[in-house]
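Student: Could we go through this structure together, setting each value against its definition before drawing a conclusion?

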Amino acid sequence: MDTINERCAGLDVHKDSIVACVRTTDEQGGRRQVTATFNTTTSALLALHDWLERQHVTTIGMESTGVYWKPVYYLLEDTFDCWLLNARHMHNVPGRKTDVADAAWIAQLVEHGLVRPSFVPPREIRELRNYTRYRKAQIAERSREVQRLQKALEDAGIKLASVATDVMGVSGRAMIEAIIDGTDDPVILADLAKGRLRKKIPALREALEGRVRQSHRLLMRAMLNHIEFLEDGIERLSAEIETLTAPLLAQVELLDTIPGVNRRSAEVILAEIGTDMSRFPSANHLASWSGMCPGNNESAGKRFSGKTRKGSKWLRACLTESAEAAARTKGTYFAAQYARIKSRRGHKKAIVAVAHSILIIAYHILKDGQPYNELGADYFAQRRSTDAYRTRLVHQLERLGYDVTIAPRAA
């Protein structure tokens, strides 16, 4: 078997230890193997770095084990060519499962080029990714806390959610604050409504009549304080993300031209796939890496389940939310694509298809530096053969029992 990397190393990374195996060429032209074990503290990682340098290693492969690979990768990436390897691609020989054997197996796979490194974005994009992912987690936690507050209102007999669309809007929050402070009169509470909600004052008076106890007020105060704390944290994170994306403002604005993609979604897309599209040979490779395309599962001429593979859950959630919004936009290509697929395959598959299209478009926008070009809602209709489409419609009406006569419309 050909040797692709002459001086390589394999690292078997654990929480408290790292087993390193180095494979190099000896004096007789054969392959020499050296193994050592290190701790995972920063000083031990620096010792690992120096030891690999003394071995004149050029390429390092390591398995993506939880989060334990990150400090190792970040410390070594500036000096060596680091390969982060998918754990599913690393199958050791049965019956020889030890840390030393794992490290040697990784080194051999890297030596012969039998594995491909995973995509790891540069440091600036990784920092942006940490912020966007944590902001998403905080937004989800805020949503859960709002749901707990709604449950507390329901427990007290307050049906505010049945009248107001947003319980945590300006009017809803003022009413909740008044309830917590001890106001029980539904007339006074309903009069706190603002804007269009004032048209619903009679319904609000009925919905705000409940049996609020002191325990409800105590719980709702704690929940409301937690919601405000989370909102402050989300605002600080958004401000920091805006600072980090200032050099990428052009790319953010280009992605913002895609229907369904707003600034926050554009920030997440950049944080997950980066700005350098040369890391992906084509748009199809990006879709495959992200798990936003049908899977290949064929054997003996038979196609089995085309279920999508696992990818970045953060990117998938962002693209799905954008696809939901794009499918509701009127007069656009995405709305036509969604309607066309939904009629045959259902809502979920249609949304994934629209999300796939958004990702493909984002790839070309970032690669070419050009804004989104809307194809129009009639794109699929224009692609049809007019004669064949007309004949099919006539046959459908005839099968329903109609005599059909068609004539071209006068100009």
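**Reading the predicted model**

Tutor: The axes of helix α1 (residues 42-54) and helix α2 (residues 69-76) come within 10 Å and cross at roughly 50 degrees, where axes are lines fitted to C-alpha atoms, for helices over the stretch in contact, and angles run from 0 to 180 degrees between N-to-C directions. This is a predicted model, in which local features need pLDDT of at least 70 and side-chain atom pairs count only at pLDDT 80 or more, while totals for chains, interfaces and linings use all residues. Residues are numbered from 1 along each chain as its sequence is written, and side-chain values use heavy atoms, with hydrogens and water left out.

Student: Why are α1 and α2 called oblique to each other?

Tutor: Angles under 35 degrees count as roughly parallel, over 145 as roughly antiparallel, 65 to 115 as roughly perpendicular and the rest as oblique; the axes cross at roughly 50 degrees, and α1 and α2 are therefore oblique.

Student: Which residues of α1 and α2 make the contact?

Tutor: With contact meaning heavy atoms within 4.5 Å, Leu45, Leu46, Leu48, His49 and Leu52 of α1 meet Pro71, Val72, Leu75 and Leu76 of α2.

Student: Why does Arg148 count as partly exposed?

Tutor: Buried means under 20% relative accessible area, exposed over 50%, and partly exposed in between (1.4 Å probe, protein chains only); Arg148 has 35% relative accessibility and therefore counts as partly exposed. Arg148 lies in helix α4 (residues 123-155), and, not counting residues up to four places away in sequence, Arg148 touches Glu141 and Met223.

How values were computed. Helices (H or I, at least four residues) and strands (E, at least two) are DSSP runs, numbered from the N terminus.
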